[in-house]
Amino acid sequence: MRHLTAGLLAALLACAAPATRADTRLHFDIDLGAEIAAGRFDPARDRLGLRGAAAPLSWDRPRLASPGAAPGHYTLDLTLPDDATGGQPLAYKFRIERGAGQDGSDGWEPGRNHAVLLGGGDVRVAREFGAPAGEVPVSRTGRIERLGLVASTHVQAREVQVWLPPGYEADGEQRYPVLYLHDGQNVFDAQAAGAEWQVDEAAQRGVASGRLRPFIVVAVSSTGSRTLDYTPSAMTVPAERLGRGAPAREGGGIAAYGRFLAEELKPLVDARFRTRPGPADTAVGGSSFGGLASLWLALHRPETFGAALVVSPSVWWDDGVTLRDLAAAAPRPLPRLWVDMGGQEGRQAVSLARELVEQLRRRGWADDALRFVEDPRGSHDEASWARRVPAMLDFLYGRQAGDAQ
């Protein structure tokens, strides 16, 4: 199986890294006075936890704050390495931790994620628990066209954006391969999630430097039906994975979403932009449930998608239905697949990703069609995926490996 060596992965990840900075020391002072007065926080029983999108923070496990000097205040000091978020804002939230049996959506600060820039040195955050999140810095690189809300007869309408490579306007004859990415609201800027994939920055640098062949990126936003759209089967979701009020049984709509991409959106994109429309030049990618969706599309719609980025896939879904599906699927020719997993995403996630790759090998995927990456520092978040984007794009469009495509 073709793995990225530690040195090669580090070199490719460095393509996304900002200039060297000193570590950032975060000092939080959170006022829980209003929560205590309203009976929503009991100092004798509850704890205040910080969760976020870059190690040493995690969305799954809290870093606990301590009572501060002022009544009702809780403080937490945290040091993050200079490259923790790849130069983008750190997305975070505080949560009131109530112990075992707490509902998955209970205790969180309301509204969208907060964000803080890691600029090195000391950064102090002093505010009330639940204060509105400030504006997230937005960075967008290159020419990005908004197609607006794209309607469908198969799924909910959704926003679509298209990144065009340097030189697109200069040469009216050249045509380009296309990469379709799920959760498109997080692909080019951090406004939706407080962090982003930084695909536009990585693609602009790679194409402008000549390291990557020019290509087009189509960012397809998700909607409230994300779980339905991105999963291959319905399942009863464990209570700890559900938000309050969510249905107990979810999923199973990937075939309809696939029809939207292949039969409605792709023809629109091919008609409006100078694309190379064949499957050898059409890739799809996404993370988590989006990773499952990308693999399913490559396996079941090979006439459309000839390659897939299967990023941090949720192989656990429906007791490993993806592994069972893989045993039956037989696309020809075999699509090129990038599969990855972060070492901080949990033992089960890493183990299932390895099992997925081993099954792919047994089904015939050879080194030239399969790349597997384990990122030891990677968590299940946009900042971790952004660090791996240059290597993903190199796999799909690197001149040293893909000129024949």
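A: Leaving aside neighbours within four places in sequence, Thr282 is in contact (heavy atoms within 4.5 Å) with Val178, Tyr180, Lys266, Arg276, Pro277, Thr304, Phe305, Gly306 and Ala307. This is a predicted model, in which local features need pLDDT of at least 70 and side-chain atom pairs count only at pLDDT 80 or more, while totals for chains, interfaces and linings use all residues. Residues are numbered from 1 along each chain as its sequence is written, and side-chain values use heavy atoms, with hydrogens and water left out.

Q: Is Thr282 buried or exposed, and in which strand is Thr282 placed?

A: Buried means under 20% relative accessible area, exposed over 50%, and partly exposed in between, with a 1.4 Å probe and protein chains only. Thr282 has a relative accessible area of 3%, so it is buried. Helices (H or I, at least four residues) and strands (E, at least two) are DSSP runs numbered from the N terminus, and Thr282 lies in strand E16, residues 282–287.

Q: How many residues has the largest nonpolar core, and which helix gives the most to this core?

A: A nonpolar core is a set of buried Ala, Val, Leu, Ile, Met, Phe, Trp, Tyr and Cys residues joined through side-chain atoms within 4.5 Å. Here the largest one has 54 residues, and those with the most contacts inside it are Tyr180, Ile216, Val218, Val220 and Leu265. Helix H6 (residues 289–300) gives the most to this core, with 8 residues. A second, separate core of 29 residues includes Val187, Ala203, Ala307 and Leu393.

Q: How many of the residues of H6 are buried?

A: In H6, 11 of the 12 residues are buried, so this helix is largely enclosed by the rest of the structure; among them are Phe289, Leu292, Trp296 and Leu299.

Q: Which elements do the buried residues of H3 pack against?

A: Helix H3 covers residues 199–209, and its buried residues include Val199, Ala203 and Val207. The buried residues of H3 pack against strands E10 (143–150), E11 (158–164), E12 (178–181) and E13 (216–220), and against helix H9 (382–397). Just after H3, Gly210 takes a positive phi of about 90°.

Q: What is the order of the strands in the open sheet of 4 strands?

A: Two strands pair if DSSP finds at least two bridges between them. The order in this open sheet is E4-E3-E7-E8, with antiparallel pairing, and the edge strands, E4 (63–64) and E8 (114–116), each pair on one side only. Strand E3 (residues 47–52) is joined to E4 by 2 bridges, and Leu50 has Arg63 in E4 as its bridge partner.
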